[in-house]
Amino acid sequence: MKKMYVLLLACLSATCVSAAPMMTEYEAITYVEDMFNLPKGYSLKKNVITPLAALPYYSFEFSANTAKINVDVEQSGSILEYNNENVPVSGPTIFSYEQCKNAAQLALNVFAADYKNDLVLVDQQFNPSENSYTFFFVKQYNGIPVLEEKISVSISMITGEVARFEGIDTYLGAYLKETNEISAEDAMAIYKENVNVGVFYKVEQNVAVPMFGVLPSGTVGVSPSSAEVIELTDAGVPADVGLRYGYEQSIIFAKRYIETVYGYTNIELLEAETRYLNGNYHLTFLRTENGLPVINNFITITISADTGVTQDHQVVWDNNIMFQNIGYLLSPAYIDNLTQAFMEASEFGLYYINISEMKRVPVYTTNSSEVFINPVNGSVLVNGAQ
């Protein structure tokens, strides 16, 4: 399979097939063939995925001899994911950081042609095990970044080609406008008073890493027009009217089942992930150690509101893990220092966020899902890495 070198990117930007709305499968295959100059005689695995709140997309795996690429193409023609497994990860590195950065910018002409003008480069990452750089771009609407709308392009330092691309779905909803009536400083003060930040553990490579940041149920925003505090995590729990077993009783049933089957009592309910659907309560309990939650160790359990019987459950619980007790550090004054460090590192500002599947609204908040503070030494962790 022919490699897609950076010099080819500039040519492709002018000649790639224009994205017609709601492509058929055949049109999508032809689109990818032309875009990546695929050889004749490849083998193809294909699937159609239909998300709940986005356009359907085609998932393709093209292979020829030992070469293989995976491409997800939205029916709009937008590339959602590209992975070239034939890009070498070892060998002499020819392309510099600046050359890789330029290649990533050129790649947007091919992979994100419809929205490239709305993208802003915000971060980069060196991948030593792959000899590549990954560049991260955020999407903006009317100059306001859209939270969680981030794409990435990985460029090989060995060949200069695109090794991976991760894009974004076509947004089908509306962007609501609000007048900005308060300053960023006033919004930050309101945010600090209402956001639920704290210390927790995250298990990474069999090590429990203590972190400080927004707790799973603590995300809030501040309206720029009214200064109103907006809860960005909301449990879907109905009133208990007409249910044989209500919310509180279902929690008791769930805890009893978890203790009986697994012997775990060191758990706490994550209300932000509580849902009621089709007559069942879907509950998530976080593991706790030394009185602190472990954000990626949990038990999900489904309880029937009619019978109180457990319908299903899933356990993610790492064994043989040491949890450093850092309670001696966590004085109120130290927590205040950690909070201030978090606010400075997490890019507090105005973002568009989803308030429903079809509506986005600008609010003052932080990019809290990516930035944490090491509570032991105060260093900044981005995506868990120092």
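Colleague: What kind of model is it, and how are residues numbered?

Modeller: This is a predicted model, where local features need pLDDT of at least 70 and side-chain atom pairs count only at pLDDT 80 or more, while totals for chains, interfaces and linings use all residues. Residues are numbered from 1 along each chain as its sequence is written, and side-chain values use heavy atoms, with hydrogens and water left out.

Colleague: Let's take helix H5. How far apart are its end C-alpha atoms?

Modeller: They are 22 Å apart, which agrees with the 22 Å that the 16 residues of H5 (residues 247-262) should span at 1.5 Å a residue. The expected span is 1.5 Å times one less than the number of residues. Helices (H or I, at least four residues) and strands (E, at least two) are DSSP runs, numbered from the N terminus.

Colleague: And which residues of H5 are buried?

Modeller: Tyr247, Ser250, Ile251, Phe253, Ala254 and Ile258 are buried. Seen down the axis of H5, the buried residues fall within an arc of 160 degrees, so they line one face of the helix. That arc is taken from the directions from the helix axis to the C-beta atoms. Buried means under 20% relative accessible area, exposed over 50%, and partly exposed in between (1.4 Å probe, protein chains only).

Colleague: Why does spacing along a helix matter for a face?

Modeller: An α-helix has 3.6 residues a turn, so residues three or four places apart point the same way.

Colleague: What covers the buried residues of H5, and what is on the other side?

Modeller: The cover includes strands S14 (267-269), S16 (280-289) and S17 (292-304), with contact meaning heavy atoms within 4.5 Å. On the other side of H5, Glu248 and Thr260 are exposed. Just after H5, Gly263 takes a positive phi of about 80 degrees.

Colleague: New topic: how many salt bridges are there?

Modeller: The count comes to 7, a salt bridge being a side-chain nitrogen of Lys or Arg within 4 Å of a carboxyl oxygen of Asp or Glu. One of them joins Lys68 and Glu85, with the closest N and O atoms 3.5 Å apart. This pair links distant parts of the chain, 17 residues apart: Lys68 is in strand S3 (residues 67-74) and Glu85 in the loop between strand S4 (79-84) and helix H3 (97-111).

Colleague: What about Glu149: which residue is its salt bridge partner?

Modeller: That is Arg360, with the closest N and O atoms 3.3 Å apart. Glu149 sits in strand S7 (residues 144-156) and Arg360 in strand S20 (residues 359-365), 211 residues apart. Both Glu149 and Arg360 are buried.

Colleague: Which ring does the charged end of Arg360 sit over?

Modeller: The ring of Tyr171, 3.7 Å from its centre. A charge sits over a ring if NZ of Lys or CZ of Arg is within 6 Å of the ring centre and within 35 degrees of the ring normal. Lys139 likewise lies over the face of Tyr115, at 5.9 Å from the ring centre.

Colleague: How many aromatic pairs are there?

Modeller: The structure holds 24. Rings of Phe, Tyr and Trp (its six-membered ring) pair if their centres lie within 6.5 Å; planes under 30 degrees apart count as stacked, over 60 as edge-to-face and the rest as tilted. Among the pairs, Tyr141 and Tyr352 are edge-to-face, at 5.7 Å centre to centre and 80 degrees between the planes.
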